[in-house]
Amino acid sequence: MIFFYYALAVILYVIAAPFLLILSFYKDKYKISLKSRFFLYKNLKQEYADLHFHGCSFGEIKSMRFLFNHFNNFRISTITNTGFSEALKYTHKVNFLPFEIFIPFWMKPCKVLVIFEAELWLILLFMAKFFNAKVILINARISDRSYFKYKKFNFFYKVLFRYIDEVFAQSLKDKERLQELGAKNVIAYKNIKIINKNKKDKKFEKLKSRLIVLASTHENEEKALLSKIKLEQNDKLVLVPRHPERFEMVEKILLDFCKINGYGMQKFSQLDLKSNDLQSVFCEKCLLLDCLGELENFYSISDIVFLCGSFEKNIGGHNPIEAAKYENIIISGKYFFNQEALYNEVENIYICQNLDEIKNILTQNLTCAKIKHQGDLTEIIQSIKEGVNAR
């Protein structure tokens, strides 16, 4: 199975390489990551470490940071530019995960491999077991939509799960689905994004105005939501695109919204925040948050959060926990199928069945969202330590 999989990957690479190379020069989003992953640009070697943590992107790496605090000798691999930048905050041993055909020659031994959610790369798992490492899958989930896709390739996942020693699933339903696919030693745990109690980087004071945040917006969501929102005299609005490569495009959308309504607009990157006095520098009606890692600081002072990624059909929603822990009002679309377990952990999320409901919702006396209960990372940390000490 491994031989045929690897041979197929080589064939696909030969076919796709020219197109990937061209794409890496024309898309800012991929300029570094594609070259590093598929052509090993500045990514020829990996340093040794007892622990190897792997997560796809910014959110996954950030969610693991409280695990990092319990260990010293670890390295991180990731897929995206944003994930890479976030990982550098915790260690200098950071790499983009190469395409499968390069992993056997690139990967250094480790004692434990920890994988976040659905980053199930067969050759990565195979090489970890080749080095006799313990492999742990954390935050594992299978959404309703993905479940049927997984079942179609059941034969593949049964092979893949042979290389995973322990699985921490997000819910009992996820546990049952993972076991059906061949996973063993599955524990129905909690989503780490519930357990983590992230600390905001800055301490902004609450604004005198009502603050509305459009959080982690995707293409089409900005125009759709802004067309339904009418700001009151005492309101301010912060628009937060999910992906940095869209900052410029979203700026134009917000400018158009401001011109139509006679509002002023600012960009967060141009604010003078040396004293963290947001009240004195946020003078206009609307603000574009065009910097990464700042969203939680605005969650902490927001009154209403539109949790985006849920108003478009094919995205599946985003994590509501980060906003809910500050007990603000959360409004969501109905397409949150990738975050169902997290939504079930939060009380009082207002779900819009259609955008026309937004105007009425904003005029109601709404109840703040609240996380039902927290947990801890004890079992995961213990499992990792056992793997390190046994090897």
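Which helix gives the largest share of the lining of the second largest pocket? Helix H10 does, with 3 residues.

## Model and conventions

This is a predicted model, in which local features need pLDDT of at least 70, side-chain atom pairs count only at pLDDT 80 or more, and totals for chains, interfaces and linings use all residues. Residues are numbered from 1 along each chain as its sequence is written, and side-chain values use heavy atoms, with hydrogens and water left out.

Helices (H or I, at least four residues) and strands (E, at least two) are DSSP runs, numbered from the N terminus. UniProt positions follow the numbering used here, with shortened feature names, and the annotations may be inferred rather than shown by experiment.

## Annotated transmembrane regions

The unreviewed UniProt entry gives the annotation "transmembrane region" to residues 6-26 and 112-131. Residues 6-26 are 100% helix and 0% strand, and the end C-alpha atoms of this span lie 29 Å apart. Residues 112-131 are 45% helix and 25% strand, with end C-alpha atoms 10 Å apart.

## Nonpolar patch

Leu21, Ile22, Phe25, Tyr26 and Phe39 make a nonpolar surface patch of about 550 Å². Patches are made of residues with over 30% relative accessible area and no salt bridge; nonpolar side chains (Val, Leu, Ile, Met, Phe, Trp, Tyr) are joined within 5 Å, like charges within 9 Å. Accessible areas come from the Shrake-Rupley method with a 1.4 Å probe, and for residues only the protein chains shown count as cover.

Helix H1 (residues 2-26) supplies the largest share of the patch, 4 residues. Tyr26 belongs to helix H1 and counts as exposed because its relative accessibility is 70%. Here buried means under 20% relative accessible area, exposed over 50%, and partly exposed in between (1.4 Å probe, protein chains only).

## Salt bridges

The structure holds 17 salt bridges, each defined as a side-chain nitrogen of Lys or Arg within 4 Å of a carboxyl oxygen of Asp or Glu. One of them pairs Lys89 with Glu86, with the closest N and O atoms 3.0 Å apart. Lys89 is exposed at 55% relative accessibility, whereas Glu86 is buried at 3%.

In the pair Arg141 and Glu117, the closest N and O atoms are 3.8 Å apart. Arg141 is partly exposed, with 22% relative accessible area; Glu117 is buried, with 10%. Glu222 and Arg246 form another salt bridge, with the closest N and O atoms 2.8 Å apart. This pair links distant parts of the chain, 24 residues apart: Glu222 is in helix H12 (residues 221-226), and Arg246 in the loop between strand E9 (235-241) and helix H13 (247-261). Both count as buried, Glu222 at 1% relative accessible area and Arg246 at 10%.

## Pocket and cavity

The second largest pocket has a volume of about 240 Å³. It is lined by 20 residues, of which Gln170, Ser171, Asp174, Glu340 and Ala341 are the closest to its centre. Helix H10 (172-180) and helix H17 (340-343) are the elements that give two or more residues to this lining.

There are 2 cavities of 30 Å³ or more in the structure. The second largest cavity holds about 50 Å³ of space, and its lining includes both Glu117 and Arg141, along with Leu120, Leu137, Tyr150 and Phe161, among others. On a 1 Å grid over the protein atoms alone, a cavity is a set of points where a 1.4 Å probe fits but cannot get out; a pocket is an open set with protein on both sides within 12 Å along at least five of seven lines, and lining residues have an atom within 4 Å of a point. Grid points are joined across faces, edges and corners, and a volume is the space filled by probe spheres set on the points.

The annotation "active site" in the unreviewed UniProt entry covers Glu60. Glu60 is found in helix H3 (residues 58-63) and is buried, with a relative accessible area of 16%.

Met107 lies in the loop between helix H6 (103-106) and strand E4, and counts as buried at 4% relative accessibility. Its C-alpha atom is separated by 6.0 Å from that of Gln46, with Met107 and Gln46 61 residues apart along the chain.
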